[in-house]
Amino acid sequence: MRWLSPLARGFVVFSAGGCGRGCGGPAMFYAVRRGRRTGVFLSWNECREQVNRFPAARFKKFATEDEAWAFVRNSASPGGSEGDHVVVYTDGCCSSNGRKRARAGIGVYWGPGHPLNVGIRLPGRQTNQRAEIHAACKAIEQAKAQNISRLALYTDSMFTINGITNWVQGWKRNGWRTSAGKDVINKEDFMALDRLAQDMDIQWLHVPGHSGFVGNEEADRLARDGAKQCAD
C-alpha cells in the first residue's frame, strides 16, 4: 500500500496497486465517507475492502481529488456519522442464559479506539434480553452526556427494537401490561429505556449478529469482556 498525501487532517490517500494516474485512462478517486477506514483511494479493490459488508457504508467515485475529499469531509462527528446522526453499536450477551450461574455483559462501540467504548457487567438479573436492553440504555446515557441528540443505534436484538418502537406505546396505555393482561417481561428495563429515549432522535437499526459486521462484532467482544467482570 502506498501513501500519497495527507489532504485533510486524519485522512490519507491510499493506493493498493490499482490503476490511477499514469495507467493510460482517466484517474478516478474512490471516496469512503463511512467504512472500515475513511479516506480517498485510487482503486476500486481498496475501496471495496473498506465498504464490503459494512453496515450503511457511504462511498462514491469522483473524477477529481478535490471532489472526493469534499465528500469525505462532510461527516465529522464523535462516533462516525450517518447523515446528521451519530452512529453507535450495542450488544448484550449472557453465558448460561436462564441458568443459576448466568453471567451477562453489555457492550457499546462508538468506533476504533473511541474513549466511550465500554464493556461492563450487567447489574441485577442476568439474562440476554436484559443485557441487550441495557446496552442500548448505556449508549443513550453516554450520548446525552456528550450532548448528542441524534443517534443511529445499531443492535442485533429485534426484541429490543420491536419493544421500544412498536410495543411500548400499547404497553403504556395498558399500564405496562400486555394485551393478554400479563405484566410486560422486562418491564422495568423497558421503562428505563423509554425514559432515556425521550427528547432524543434515535434511528433504531437492526444488524445481523455474528455476520462479520465490524461494529457489531466489536460490541459483542466488549459485552463478552463485561460478562467476565465481577458483579457489583
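The model is predicted: local features need pLDDT of at least 70, side-chain atom pairs count only at pLDDT 80 or more, and totals for chains, interfaces and linings use all residues. Residues are numbered from 1 along each chain as its sequence is written, and side-chain values use heavy atoms, without hydrogens and water.

**Exercise 1.** Compare the span of helix 3 with the expected span.

Solution. Helix 3 covers residues 128–145, which is 18 residues. Helices here are DSSP runs (H or I, at least four residues), and strands are E runs of at least two, numbered from the N terminus. The expected span is 1.5 Å times one less than the number of residues. From first C-alpha to last, helix 3 reaches 26 Å, close to the 26 Å expected. Just after helix 3, Asn147 has a positive phi of about 60°.

**Exercise 2.** Work out how helix 3 lies against helix 5.

Solution. Take the axes, lines fitted to C-alpha atoms over the stretch in contact, with angles from 0 to 180 degrees between N-to-C directions. The axes of helix 3 and helix 5 (residues 187–197) come within 10 Å and cross at roughly 25°. The two helices are therefore roughly parallel (angles under 35 degrees).

**Exercise 3.** Decide whether Gly98 is buried or exposed.

Solution. Find Gly98 in the loop between strand 7 (85–95) and strand 8 (103–109). Apply the cut-offs: buried is under 20% relative accessible area, exposed over 50%, partly exposed in between (1.4 Å probe, protein chains only). At 73% relative accessibility, Gly98 is exposed.

Technical notes. Angles under 35 degrees count as roughly parallel, over 145 as roughly antiparallel, 65 to 115 as roughly perpendicular and the rest as oblique.
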